[in-house]
Each structure stands twice: as structure tokens, then as C-alpha cells.
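Please read the following report with the sequence and the 3D structure open beside it, and look up each named residue as it comes.

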Amino acid sequence: MEPYKGIIRRFGLLLLFPIILLNCWKEPGRELLLFDFESDAELDQLSWHCHALNSLSAQHCTHGSKSLKLELYPSDYPGLDLMPREHDWREYKELRFDVYNPQVTNVQLSVRIDDRNDSPGYDDRYNKSFVLNPGMNHMNIPFSTLVRSGTGKPLSRKSICRFLVFVVRPKNKVDLYLDNIRLTSDAASDQWQKGSNFSQSLMFPCA
Amino acid sequence: MHLKKATSWCVVWILLGLSLIIAYGVCVEPYRIEVHHVWISDKYLGKVLEKKVVVQLSDLHVSKMGKREQTVLKILDNLKPDFVFLTGDYVGWHSDYRGALDFLSQLKAKSGIWAVMGDYDYSNTRKSCLFCHEEGTGKSSLRHSVRFLRDTIEPVSSEEGTFWIGGIDIERKDLISSTGGVLSLPGKKPLIILSHNPLFFDRIDREQEVLVLAGDTHGGQIPMPSWLLIALGYRKNALYSQGLFQTGRKKMFVSRGIGTSHVPVRILRQPEVTVLHFQE
């Protein structure tokens, strides 16, 4: 028996290693990048509206080497109107995007999400306002909050067709830098929560 | 045997006839631009615009500055218009905008040119900005003197008085469907509204004193019965294919336009430069 003790011990250690590895293993969070604003061709895919000028910028990007610079001029609702290529958001838990506010004051950013393409009324779509602090802001919309304004009923995450970010009646021109619009699953959210501690350090030009 | 031979000759003649009609529709009629004079009785507009040369152009669908565009400019040179009103669709679907911008830059009118955009002009929303702005900037375009109206209304003054000109933007369907919109403003008389889509006419109260100038239909491009147009989803063509319409106090003129879309053919639907004559 004595000569086998060493073998058993070594075999046990070998078994222990994959068990420890398996315990540490956690499914990596899935992430789907909706808009990255890296090429001029992407600008062609945006729905352009009056009083909002879109251009690529090498500043304040959080993914890749470019961000989208939004120049919003005084008008009713200047902003960005996006049609996501992925309409089925059911496999994800959150919508995330990064906005850099170069102004010295806060900016109120409104978000609208439609699950129908016939321009649903205010009560029948997701509407929410967020305060953007000066500097980098990591926006996070958990899908548990993705409800219709009027009824509180959840949006159909199978058929998301429009996503808008805009400013309501700005008195002066507002500049914003938008980047890395993505859908994430739960696990990715955990990673993001850790990463959010470094949010201010992400304010750098990408060039 | 004799009958068979006659039948085959008949088929040959029918095919030959159809080929000639199609050849005419593709090669001849789209380039035979009619100067269409339209008389409109309106005591308010008549007072201000009776002595003026007012021209409407619509649905140019310019791909490049070609024969048709040169002909239109030549006609305008002869007419020497005081006012030119443009009712949308200057480009082809997702096509290059340079031809249309070249055309607009050569338009001249003594008292001004006003315009609205059509659905084709928004087929590339990024390029649609070029109608009003210098590329990549928010600055107003210096390429042409056309004033684009996007859900706005403004007064126009001349020696004879003031009239109001408004423009309905095809992009803002919500505004068209709202009750009132730009038309709810009181005291805007006389009033001309430019709208690419003629169905906007249905949104206006029948007691509103207004002249709507519209396009979009191309007169159907070829004659077709209303039931077929409705079956094909072209309600606007079935209701307001071309010409002058009046319901209550509101009036509308729908131009057949200049260019073509979908199929480059026109049969019995000549392209037109419309000259509007107002009388009290």
C-alpha cells in the first residue's frame, strides 16, 4: 500500500487542479457592439436630422480609435436617431453607452427606445432622462427598467427598432461625444461595475 | 392555315406597336417638357400675385445635369419668373446629390425661390443636409439661393402686398397628422403651402383659405385606372394624380413634375413646368 500512497497523492493533486479551475471559471459576459463609430460609412447609416451635426472624432473614445461627436444646436429635440441592426435584445440584460460631456456644466440627456417602427406615442415607448456630469459618463440602462412611460408595461425586447438620444430644447449649442453603444449580459455588467471605478481615467484622446 | 397566318401577323403588329409606344415613353415623352399655364381664381392671392410670374417645379429626380435639366433651365430663362416654388424630390433614390445641387445653383428668380424636400431627398439623410448646409458644417449653403422650408411659415413681401409661404416637411409625419400644425396660426392670409405629398390636402380644414402646391405623383407616369392605383398602394395618385383640386375654400395644384422614378417612362403624362396665373 505504501508505494501507492505517493501515486494517489499526486493523482489527487492533479484532480484538484481542474476542480479549482472549474470553480474559478465563470461564463464570460456576452456583449454585442451596436455602434462603434469608427468609419465614415457608419455615419451614412445614421438617420440625420436638422440641428444635429454628426462627425467622427479621435477624442473621448472608449472603444476603437474614434467616437461620434454630436453638435446639437438650439431647437426642440436635437440628437441622434439610431436604428440598431440587432432588433432582438432578449438575450441581453443591459444597454450601455459612453458619453463625454465637454461642457463645464451638467447636461440633461434624454433617451427614447421604440419597439415599433410606426413612431409610438410618448406613453407607449421608453423615455428617460439622465444627467450627464462634465467629463466621461458611462450610461447603463438595465432592461428591467425598459418599460413604457404610460403603462409601465415592458417593451417587447424582441423587436427594438429605434434608439434615440437627444437634448430637450437647449438654449445654447451642446457638444457631446458618444461611443461604444452595446448590449451586455449580466456577467459583462459585473465586469463593467468593477471598471466603472476608472471612469474618469478614460477621458483621453485616442489618437 | 390562313387564320393562323393572320393571327401571327396580328401578334407581330401588336408587339411592334407596343415596342413603339414603350420607345416613345422612354426616349421621347420624358424629354418633351410642357410649359403648363394654370389660372387660379383667388381674391387674396390675386391681389398680391396677379402681375407676377410664379413657377412651380417638382420631382426633378436629377441624376446629372443632362438634356432634361438644361431644357428646364432654358424654359425658366425665357419665363423670367418672379417666384419659383419647388415641391420636392430633386434626386433619385440613394443617388448622387451633386447633379441636383448643380441644378439648384443655376435656378434664378427675381423675388426668391422656396422649396420643400420630398421622400427621395431623404433617402440618404446625411446627404440631405447638403441642400441647406455646407458639407460637414452647420453653416448655410452658399451654393444656391433656394430657401428650404421645413415645417415653417414666413411672410413674403412685394410691392403689391404680403403673402405667406409655408412648407411641410415630408419627414415630419407627426406634424402633418397633428391638428393644426403650421396652419393653425391665425391671420396668415393669403397663404401658399408647399407640400411634396398631395395627401396633406386632406389634413387641412375645408374652410381654410389656402393654396397647396404639391407633386410626388408624376401624374402616374402612365394612365392607369384609380382602382388599380389603389390596389398597387398609390392612393395619392388615385385621388390627386395631377391638376387643380378644390374642396371648400382650400385649393391644391398637383404638378406632374419633371423626372421619373421606378421606371424611366412617361406616356400621356408629359413632364411640366407649371406657370401659375393668379386672378382676383
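Predicted model: local features only at pLDDT ≥ 70, side-chain atom pairs only at ≥ 80, totals over all residues.

Residues are numbered from 1 along each chain as its sequence is written, chains are lettered from A and ligands numbered from 1 in the order in which they are written, and side-chain values use heavy atoms, with hydrogens and water left out.

**Chain A**

The secondary structure of chain A consists of three helices and ten strands, where helices (H or I, at least four residues) and strands (E, at least two) are DSSP runs, numbered from the N terminus. Along the sequence these elements follow the pattern α-β-α-β-β-β-β-β-β-β-β-β-α. Of the 207 residues in chain A, 43% are buried; buried means under 20% relative accessible area, exposed over 50%, and partly exposed in between, with a 1.4 Å probe and protein chains only. Among contacts (heavy atoms within 4.5 Å) between residues of chain A at least 6 apart in sequence, 76% join residues at least 24 apart.

Strand 10 of chain A deserves a careful look. It is mostly covered, as eleven of its eleven residues are buried.

| Strand of chain A | Bridges to strand 10 of chain A | Sense | One pair of bridge partners |
|---|---|---|---|
| Strand 1 (residues 31–35) | four bridges | antiparallel | L32(A) and L183(A) |
| Strand 3 (residues 67–72) | five bridges | antiparallel | L70(A) and L176(A) |
| Strand 5 (residues 94–101) | six bridges | antiparallel | D98(A) and D179(A) |

Which residues touch the most other members of the largest nonpolar core? They are L95(A), F97(A), I113(A), L178(A) and I181(A), in a core of 40 residues; a nonpolar core is a set of buried Ala, Val, Leu, Ile, Met, Phe, Trp, Tyr and Cys residues joined through side-chain atoms within 4.5 Å. Strand 10 (residues 174–184) of chain A gives the most to this core, with five residues. Apart from this core lies another, of 30 residues, which includes L73(B), I75(B), L104(B) and I113(B). In soluble globular proteins, nonpolar side chains tend to be buried together. Leaving aside neighbours within four places in sequence, I181(A) is in contact with residues including L32(A), L34(A), F37(A), L95(A), F97(A) and F163(A).

**Between the chains**

Ten residues of chain A are in contact with nine residues of chain B. The area buried between the two chains, that is, the accessible area (1.4 Å probe) that two parts lose on being put together, summed over both, is about 810 Å², and carbon and sulfur atoms give 49% of it. Two salt bridges are found across this interface, a salt bridge being a side-chain nitrogen of Lys or Arg within 4 Å of a carboxyl oxygen of Asp or Glu. D40(A) forms a salt bridge with R126(B), in which the closest N and O atoms are 2.9 Å apart. Helix 2 (residues 40–45) of chain A gives the largest share of the side of chain A that touches chain B, namely three residues.

**Chain B**

Strand 6 (residues 152–158) and strand 7 (residues 161–168) of chain B pair in the antiparallel sense over seven bridges, and a hairpin joins them through two residues. Within this pairing, E154(B) stands opposite I165(B) in strand 7 of chain B.

T87(B) is found in strand 3 (residues 83–87) of chain B. Is T87(B) buried or exposed? T87(B) counts as buried because its relative accessibility is 0%. Its side chain and that of S58(B) are joined by a polar contact of 2.7 Å; a polar contact is a pair of N or O atoms within 3.5 Å, where within protein one must be able to donate a hydrogen and the other to accept it, and residues adjacent in sequence count only if both atoms are side-chain atoms.

Y97(B) lies in the loop between strand 3 and helix 4 of chain B, and Y97(B) counts as buried because its relative accessibility is 2%. The side chain of Y97(B) reaches the backbone oxygen of N124(B) at 3.3 Å.

Key
Pairing = 2+ DSSP bridges.
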